[in-house]
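User: I would like to go through this protein step by step. Please show the sequence and the model before we start.

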Amino acid sequence: MAEYKVVEKFISINGEGRKAGQITCFIRFQLCNLDCTYCDTKWANTMDSEYELMNEREITNWVISTGIKNVTITGGEPLLQKNIDILLKELINYGIEIEIETNGSVDISKIISLGEDNLIITLDYKLPSSGMENQMNLDNYKYLRKVDVVKFVIGSYEDLLKTEHIIKKYDLVERTNVYLSPVFGEIEPKEIVEFILDRRLNGVNIQLQMHKFIWDPEMRGV
């Protein structure tokens, strides 16, 4: 059995992405290799973060016990967990629908082929305001499928300009799903909408982190 460092598991609605608004089981893993300026889960990102060791069978049994078919695997950076592919295969074998949120710096090629029917990859592109843009693994874009998502978290007008550049350079709208999301409290969503309209960015989606509007933005476990 493989073991994974789980810092949090809970049931809520998915606040963003292709399954926004749907109920899901969240599994958050310890440790991240980035340090984004706007990160709202820094408490989970270091070797000192408290965790519960769970194997793939225990995690899968917990998900099954909830009666919920969606699971969101997040962090931290979940692809830093050794043997993450074993857990993903276990969940897929039970027909569980997985979204894995990854920060864009880690190679996705080993997990992308595990199952298009049951696995969505949401891949971040870290923009200038994150302070982590130089960590992006741009080879990941050649693996993206129609079911996947590239997410741009926008904190400034400079971020919007870079977003447009990356979308066009990698032909992302034609290849996958593209979502733009404001850094909560840093930029008005209206500015993003106006940019999309002005630049005629067809096929681009704007999203708000709905869990931060339903609950206190600092609340965990939602």
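User: Which elements do the buried residues of α2 pack against?

Analyst: The model is a predicted one. Helix α2 covers residues 84-93, and its buried residues are Ile 84, Leu 87, Leu 88, Glu 90, Leu 91 and Ile 92. Their packing partners include helix α1 as well as strands.

User: Which residue just after α2 takes a positive phi?

Analyst: Helix α2 spans residues 84-93. Just after α2, a phi of about 75 degrees is found. The residue with this positive phi is Gly 95.

User: How many helices and strands are there in the protein?

Analyst: Helix α2, at residues 84-93, is one of the helices. Strand β5, at residues 97-102, is one of the strands. The count for the protein is six helices and nine strands.

User: What is the radius of gyration of the protein, and what would a compact globule have?

Analyst: The C-alpha trace spans about 50 × 35 × 30 Å along its principal axes. For 222 residues, a compact globule would have a radius of gyration near 17 Å. The protein agrees with that value, at 17 Å.

User: What percentage of the residues is buried?

Analyst: A residue counts as buried when its relative accessible area is under 20%. The share is taken over the 222 residues in the protein. Buried residues make up 54%.

User: Among contacts between residues at least 6 apart in sequence, what percentage joins residues at least 24 apart?

Analyst: The contacts in question join residues at least 6 apart in sequence. Within that set, the part asked for joins residues at least 24 apart. That part is 71%.

User: Are Glu 16 and Lys 151 buried or exposed?

Analyst: The cut-off for buried is under 20% relative accessible area. Glu 16 has 11%, and Lys 151 has 10%. By that cut-off, Glu 16 is buried, and Lys 151 is buried.

User: Which residues are joined with Lys 151 into one network of salt bridges?

Analyst: Lys 151 also forms a salt bridge with Asp 124, where the closest N and O atoms are 3.6 Å apart. This pair links strand β7 to strand β6, 27 residues apart. Both Lys 151 and Asp 124 are buried. Through shared partners, the network joins Lys 151 with Glu 16, Asp 124 and Lys 126.

User: How many charged residues line the second largest pocket?

Analyst: About 170 Å³ of space lies in this pocket. Its lining includes Ile 84, Asp 85, Asp 107 and Lys 110. By class there are five nonpolar and two polar residues, and the number of charged ones is three.

Terms used. Residues are numbered from 1 along each chain as its sequence is written. This is a predicted model: local features need pLDDT of at least 70, side-chain atom pairs count only at pLDDT 80 or more; totals for chains, interfaces and linings use all residues. Side-chain values use heavy atoms; hydrogens and water are left out. Buried means under 20% relative accessible area, exposed over 50%, partly exposed in between (1.4 Å probe, protein chains only). Helices (H or I, at least four residues) and strands (E, at least two) are DSSP runs, numbered from the N terminus. A salt bridge is a side-chain nitrogen of Lys or Arg within 4 Å of a carboxyl oxygen of Asp or Glu. Contact means heavy atoms within 4.5 Å. On a 1 Å grid over the protein atoms alone, a cavity is a set of points where a 1.4 Å probe fits but cannot get out, and a pocket is an open set with protein on both sides within 12 Å along at least five of seven lines; lining residues have an atom within 4 Å of a point. Grid points are joined across faces, edges and corners, and a volume is the space filled by probe spheres set on the points. Ala, Val, Leu, Ile, Met, Phe, Trp, Tyr, Cys and Pro count as nonpolar, Asp, Glu, Lys and Arg as charged, and the others, Gly among them, as polar. The radius of gyration is taken over C-alpha atoms; the globule rule is 2.2 Å times the number of residues to the power 0.38.
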